[in-house]
Amino acid sequence: MGGAAAAADCREDTVWIRGAFGEARFNVEIADDAAERAQGLMHRPSMAASAGMLFVYPHPQRLSFWMRNTLIELDMLFVDPQGVVQHIHHRAIPLDETPIPGGSGLTHVLEINGGLAKRLGLAPGDQLRHPSFEQTGAAWAC
């Protein structure tokens, strides 16, 4: 969809991503407290291709994830407070407890189905639009 459609659709349950590949939209669940972030996508046998989970942290920090009790392969997009993708971890291995470092100065992580980031052409530098970003400094404000 074009930019006008994206501008009209800045909602809690939707994340837009734009970059050299164009634009993509994901229907997301939000994990913005300790219990929701701890649970994440654990124990789910599948997730729709257009779905994801957006982890939201209250202040910039070093983030590292793992795949404990996670049954599906995931791509993890590590994002700074302005909504810019800083790092993508491709195809995290289900049930693997090895830490997956995303870097520092991060406030968000978007988890989507494994392999989808490469298939879509997502890359560091791409921008996310979502109301959880501080809009005055966002790279792609609502």
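**Note on the cores and selected residues of a predicted model**

1. Leaving aside neighbours within four places in sequence, Phe 26 is in contact (heavy atoms within 4.5 Å) with Asp 13, Thr 14, Val 15, Ile 17, Ala 49, Ser 50, Ala 51, Leu 110, Ile 112, Leu 116 and Leu 120. This is a predicted model, in which local features need pLDDT of at least 70, side-chain atom pairs count only at pLDDT 80 or more, and totals for chains, interfaces and linings use all residues. Residues are numbered from 1 along each chain as its sequence is written, and side-chain values use heavy atoms, with hydrogens and water left out.

2. Phe 26 is also among the residues that touch the most other members of the largest nonpolar core, a set of 20 residues. Such a core consists of buried Ala, Val, Leu, Ile, Met, Phe, Trp, Tyr and Cys residues joined through side-chain atoms within 4.5 Å; buried means under 20% relative accessible area, exposed over 50% and partly exposed in between (1.4 Å probe, protein chains only).

3. A second, separate core has 18 residues, including Met 67, Ile 72, Met 76 and Val 109.

4. His 108 belongs to strand E6 (residues 100-113); strands (E, at least two residues) are DSSP runs, numbered from the N terminus. With a relative accessible area of 2%, His 108 is buried. Among the residues that His 108 touches, not counting those up to four places away in sequence, are Leu 54, Leu 77 and Phe 133.

5. Arg 91, in strand E5, has a positive phi near 55° although the residue is not glycine. Its relative accessibility of 44% makes Arg 91 partly exposed.

How values were computed. Helices (H or I, at least four residues) and strands (E, at least two) are DSSP runs, numbered from the N terminus.
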